[in-house]
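Good morning, and thank you for coming.

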Amino acid sequence: MAKVEITAAYCKGCLLCEALCPKGVLSLGNEVNALGYNIIKADDTKECIACQQCAVICPEGAIEVYK
Ligand code: SF4
Ligand code: SF4
């Protein structure tokens with residue numbers, strides 16, 4: 001199991017990370033940040049394999065994954 005940390009203030013809700021995640025861990029939440037974007041949430045981190053694809057693709061540097 002891994003830990004997925006999302007910095008809500010940076011996320012722009014672009015969904016690149018959701019599209020890439022092979023385990024369906026990420027989805028757009030209802031929470032809106034100060035920029036007015038709905039932010040990504042990590043639903044089922046038990047499924048996360050710490051592949052880091054979400055962290056690498058995020059253009060805002062909003063995701064960090066720890067094993
Ligand atoms: S590290 Fe990989 S499996 Fe985990 S949330 Fe990111 S893309 Fe999905
Ligand atoms: S790739 Fe980054 S900015 Fe885009 S939705 Fe995911 S966390 Fe937010």
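Which residues have the most contacts inside the largest nonpolar core? They are Val4, Ile6, Cys17, Leu26, Cys54 and Ile63, in a core of 16 residues. By such a core I mean a set of buried Ala, Val, Leu, Ile, Met, Phe, Trp, Tyr and Cys residues joined through C-beta atoms within 7 Å. At least two residues of this core come from each of β1, β3 (38–42) and β4 (63–66), with β3 giving the largest share, three residues. Strands are DSSP runs of E, at least two residues, and helices runs of H or I, at least four, numbered from the N terminus.

Please note that this is a predicted model, in which local features need pLDDT of at least 70 and side-chain atom pairs pLDDT 80 or more, while totals for chains, interfaces and linings use all residues. Residues are numbered from 1 along each chain as its sequence is written, and chains are lettered from A and ligands numbered from 1 in the order in which they are written.

Let us turn to the ligands. Around ligand 1 there are 16 residues, the closest being Cys21, Val25, Cys48, Cys51 and Cys54; a residue counts if its C-beta atom, placed from the backbone, lies within 6 Å. Ligand 2 has 14 residues around it, with Cys11, Cys14, Cys17, Cys58 and Ala62 nearest.

Finally, cysteine 11 lies in the loop between β1 (3–6) and α1 (16–20). Its C-alpha atom is 9.9 Å from that of glycine 36, 25 residues apart along the chain. Cysteine 11 counts as buried because 24 other C-beta atoms lie within 10 Å, the cut-offs being 20 or more for buried, 12 or fewer for exposed, and partly exposed in between, with C-beta atoms placed from the backbone.
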